Amino acid sequence: MKKLEIIIRPSMFDKVKDALTDMGIHGMNYVEIKGFGRQRGHTEVYRGTTMQVDCLPKIKVEVVLHDDMLETVLNAVVSISRTGQVGDGKIFISDVMDAIRIRTGERGDEAL
């Protein structure tokens, strides 16, 4: 099993969520976050004062999936989320040792 932490622009969330659902991903978590990468934020003018906005809004989606779905999901998320501009996001991939469904006690792949 693999865990994906997908950090994307907020405007891409609905497209990514719909694509994951269409691929048979039945569980995901997401959280609204703020952060920066290479873009280092941007400057804004507010009431005549220039302000540096260091942390930009992003969405972090967490998904655990079967190993055989990894490449399909990665390709879909990248193709949907890519604008070609700095700030498109990142995907982090981790191994999951085990999973347990609390309600039934199922473990491993059956728990997904």
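Contact here means heavy atoms within 4.5 Å. With that cut-off in hand, here are the close-ups, all taken from a predicted model.

**Figure 1. Leu4 and its neighbours in the nonpolar core.**
Leaving aside residues up to four places away in sequence, Leu4 touches Val61, Glu62, Val63, Leu65, Leu70, Val73, Leu74, Ile91, Phe92 and Ile93. The largest nonpolar core has 17 residues, and Leu4 is listed with Ile8, Leu20, Ile25, Val61, Leu65 and Val73 as having the most contacts inside it. At least two residues of this core come from each of strand 1 (2-8), helix 1, strand 5 (56-65) and helix 2 (70-81).

Four strands form an open sheet in the order 2-5-1-6, and their pairing is antiparallel. Strand 2 and strand 6 are the edge strands, each pairing on one side only. From one strand to the next, the twist averages 20°. If you like to think in terms of interactions, strands of a sheet pair through backbone hydrogen bonds, either parallel or antiparallel.

**Figure 2. Strand pairings, one by one.**
Let us go through the pairings with a residue to look for in each. Strand 2 and strand 5 are antiparallel partners over 7 bridges, and here Tyr30 stands opposite Val61 in strand 5. Strand 1 and strand 5 also run antiparallel, joined by 7 bridges, with Ile7 opposite Lys60 in strand 5. Strand 1 pairs with strand 6 in the antiparallel sense over 7 bridges, and Ile8 faces Gly89 in strand 6.

**Figure 3. The aromatic pair of Phe13 and Tyr30.**
The structure holds 1 aromatic pair. The ring centres of Phe13 and Tyr30 are 4.4 Å apart and the planes meet at 40°, so the pair is tilted. Phe13 belongs to helix 1 (residues 13-22) and Tyr30 to strand 2 (residues 29-35), so the pair ties together parts that are 17 residues apart in sequence. Are the two partners buried or partly exposed? Phe13 counts as buried because its relative accessibility is 9%, below the 20% cut-off. Tyr30, at 47% relative accessibility, counts as partly exposed.

Where is Asp88? Look in the loop between helix 2 and strand 6 (89-95). Asp88 has a relative accessible area of 15%, so this residue is buried. Its side chain makes a polar contact with the side chain of Arg9 at 3.0 Å, and another with the side chain of Thr83 at 2.5 Å. Apart from residues up to four places away in sequence, Asp88 touches Ile7, Ile8, Arg9, Ser81, Arg82 and Thr83.

**Figure 4. Ser81, in helix 2.**
Ser81 sits in helix 2 and is buried, with a relative accessible area of 5%.

**Figure 5. Glu5, in strand 1.**
Glu5 has its place in strand 1. At a relative accessible area of 22%, Glu5 is partly exposed. Which residues does Glu5 touch, not counting residues up to four places away in sequence? They are Lys60, Val61, Glu62, Lys90, Ile91 and Phe92. Glu5 and Ile93 are 88 residues apart in sequence, and their C-alpha atoms are 6.6 Å apart in space.

**Figure 6. Ala76 of helix 2 and Leu20.**
Ala76 is part of helix 2 and counts as buried, at 17% relative accessibility. Along the chain, Ala76 and Leu20 are 56 residues apart, while 8.2 Å separates their C-alpha atoms. Leu20 is also one of the residues with the most contacts inside the largest nonpolar core.

Technical notes
Residues are numbered from 1 along each chain as its sequence is written. This is a predicted model: local features need pLDDT of at least 70, side-chain atom pairs count only at pLDDT 80 or more; totals for chains, interfaces and linings use all residues. Side-chain values use heavy atoms; hydrogens and water are left out. Rings of Phe, Tyr and Trp (its six-membered ring) pair if their centres lie within 6.5 Å; planes under 30 degrees apart count as stacked, over 60 as edge-to-face and the rest as tilted. Buried means under 20% relative accessible area, exposed over 50%, partly exposed in between (1.4 Å probe, protein chains only). A nonpolar core is a set of buried Ala, Val, Leu, Ile, Met, Phe, Trp, Tyr and Cys residues joined through side-chain atoms within 4.5 Å. A polar contact is a pair of N or O atoms within 3.5 Å; within protein, one must be able to donate a hydrogen and the other to accept it, and residues adjacent in sequence count only if both atoms are side-chain atoms. Two strands pair if DSSP finds at least two bridges between them. Axes are lines fitted to C-alpha atoms, for helices over the stretch in contact, and angles run from 0 to 180 degrees between N-to-C directions.
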